[in-house]
Amino acid sequence: MGKSSSVIELWSFFLFPCFFFIIFNSLGLLEAQNDAPHLAVYVFGDSLVDVGNNNYLGLSVERAVLPHYGIDYPTKKPNGRFSNGKNAADFIAEKLGVPTSPPYLSLVSKFNNKKNVSFLDGVSFASGGAGIFTDKTDLSSRQNIPLPNQVDYYIKVYGELTQQIEAPALQTHLSKSIFFLVIGSNDLFGYFNSKDLQNKTTPQQYVESMASSLKVQLQRLYDHGARKFEMAGIGAIGCCPSNRLKNKTECFLEANYWAVKYNEVLKTMLKNWQWEKKDITYSYFDTYTAMQDLFQTPTSYGFTEIKSACCGIGKLNAELPCLPISVVCSNRQDHVFWDPVHPTEAATRIIVDRLFNGPSRYTSPITMRQLVAA
C-alpha cells in the first residue's frame, strides 16, 4: 500500500504542473486568439504580389524562375517572386503575423493529389502580367491569370469552403478576412504600348473602363463573402527604368499622368461603392505618392539609385529583363528598382510599411492596421 501511494504521489508530482501548463497555455492561446484573431489574406493582382502562381502555367514566359530572382530571399533561389527577395504579399503577412498566402495553383495541385489543403488560411490568386481586363490577343490565359479569372478561382474556393463549413461560420470568417488587390499597372502598360487601343479609346475612357470593370470583380467577391478590402492604387509607372527609356532617362510623364487619373477614378468608385454597400470596409493606399516620395528624397530612405535597375541589360539596365547573363548590382539596398519594372525588396518594405501604418498622406479613409481591427 505504501509503495502504491508513493507511485501515485510521484505521478502527481509530474502531472500536476503539466496539468496547469496545459490549462494556462490553453488560456493563453484563447487570449491571444481573442486579442488578435487569426486572419486570412486573399490576394489578387499582378507581379507585385505574385508568389508563384505563374510557375504553374507551363506555357507562360512571365515567370520569375531564372537567376538572379530570389537572390536575397531566405532560400537564395528563384521562387516565382518578381523580386530579389520578398514582395508586398510577404511583408503584409509579416505585419499580420501570419504565413504568406500560398499560390492557388500550388494548392490545387496538392488538392488533386488528395493531400490536405486548407483554403481557410488564405490564398494568393495573383499572377505576374495580369490586368483588370482579360486580354485575349496575347493568349493571356496561358501567359497569366487576369483578374476575372482570379475571381473565378476564388469562387471555386468559396464553393469548396461551403462544403466544409456551415454558412454562418464561413461568413464570419470571410467577413474578417482581408481581400488585398494590387492591379491595374499592366492595363496602363498595355494601353501605352498599343496603337490599336489608343485609336479605339481615349485615355480618360480607358481608365474609367478600368475602374468600372474592377468594380464588377469587387462585387463578385462581395457576393461571395468578402467585406474588408485593401486596395492599392497604381504607382508612378512612368518612372520605372523601362519607361524612362522612352524619355531618355527621365520619367515618362504621360504614363504617370494617367496613373494619377486612374487613381482618382478608383477612389471615387470605392467611395460610391461603400455608400451602396454599407457593410464593406476598405483602405485605399496611394502607391503613386509613396513612390514619388522615394524619388524626390531618396537619400532620406537610404537609396542612392532611383533610375537604373539593379539587374538587367543595356541602358539603365532596362533594355532587356533580368537574365542569367545580367550583372547584378552588389548594393541592392541602395536601389529602388530590382529589374526594369519591379521594385527591390528594400523599396517594397518601405512601401508596405506606409500602406499598413499610414500616415493619412498615403492611406484613406483608414490604414490597413485600422482595417484589420475594424
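The residues lining the largest cavity divide into six nonpolar, two polar and no charged, where Ala, Val, Leu, Ile, Met, Phe, Trp, Tyr, Cys and Pro count as nonpolar, Asp, Glu, Lys and Arg as charged, and the others, Gly among them, as polar. The model is a predicted one, in which local features need pLDDT of at least 70 and side-chain atom pairs count only at pLDDT 80 or more, whereas totals for chains, interfaces and linings use all residues. Residues are numbered from 1 along each chain as its sequence is written, and side-chain values use heavy atoms, with hydrogens and water left out.

Cavities were located on a 1 Å grid over the protein atoms alone, a cavity being a set of points where a 1.4 Å probe fits but cannot get out, and lining residues being those with an atom within 4 Å of a point. Grid points are joined across faces, edges and corners, and the volume is the space filled by probe spheres set on the points. The structure holds two cavities of 30 Å³ or more, and the largest has a volume of about 40 Å³. Its lining is made up of Val41, Val43, Ala89, Ala93, Val98, Pro99, Thr100 and Ser101, and the elements that give two or more residues to this lining are β1 (41-45) and α2 (88-96); helices (H or I, at least four residues) and strands (E, at least two) are DSSP runs, numbered from the N terminus.

For the second largest cavity, the volume is about 30 Å³, and the lining consists of Leu181, Val182, Ile183, Leu214, Met231, Ala232, Tyr262 and Leu266. Two or more of these residues come from each of β3 (178-182), β4 (228-232) and α11 (253-276). By class, this lining has eight nonpolar, no polar and no charged residues.

Salt bridges, each defined by a side-chain nitrogen of Lys or Arg within 4 Å of a carboxyl oxygen of Asp or Glu, number 13. In one of them, aspartate 72 pairs with arginine 332, the closest N and O atoms being 2.5 Å apart. This pair links distant parts of the chain, 260 residues apart, with aspartate 72 in the loop between β1 and α2 and arginine 332 in the loop between β6 (305-309) and β7 (335-337). Aspartate 72 is partly exposed, with a relative accessible area of 22%, whereas arginine 332, at 17%, counts as buried; buried means under 20% relative accessible area, exposed over 50%, and partly exposed in between (1.4 Å probe, protein chains only).

A further salt bridge joins lysine 307 to glutamate 250, with the closest N and O atoms 2.9 Å apart. Here too distant parts of the chain are linked, lysine 307 lying in strand β6 and glutamate 250 in the loop between α10 (241-244) and α11, 57 residues apart. Lysine 307 is partly exposed at 26% relative accessible area, and glutamate 250 is partly exposed at 39%. Within helix α11, lysine 261 and glutamate 264 are separated by about one helical turn because they are three residues apart, and their side chains meet in a salt bridge (3.7 Å, N to O). Lys95, Asp353 and Arg354 are linked in a network of salt bridges.

Valine 372 is placed in helix α14 (residues 368-373). Leaving aside neighbours within four places in sequence, valine 372 is in contact (heavy atoms within 4.5 Å) with Leu39, Leu96, Ile178 and Lys228. The C-alpha atoms of valine 372 and lysine 228 are separated by 8.1 Å, although the two residues are 144 residues apart along the chain.

Technical notes
1 Å grid on protein atoms, 1.4 Å probe; cavity = no way out; pocket = protein on both sides within 12 Å on 5 of 7 lines; lining within 4 Å.
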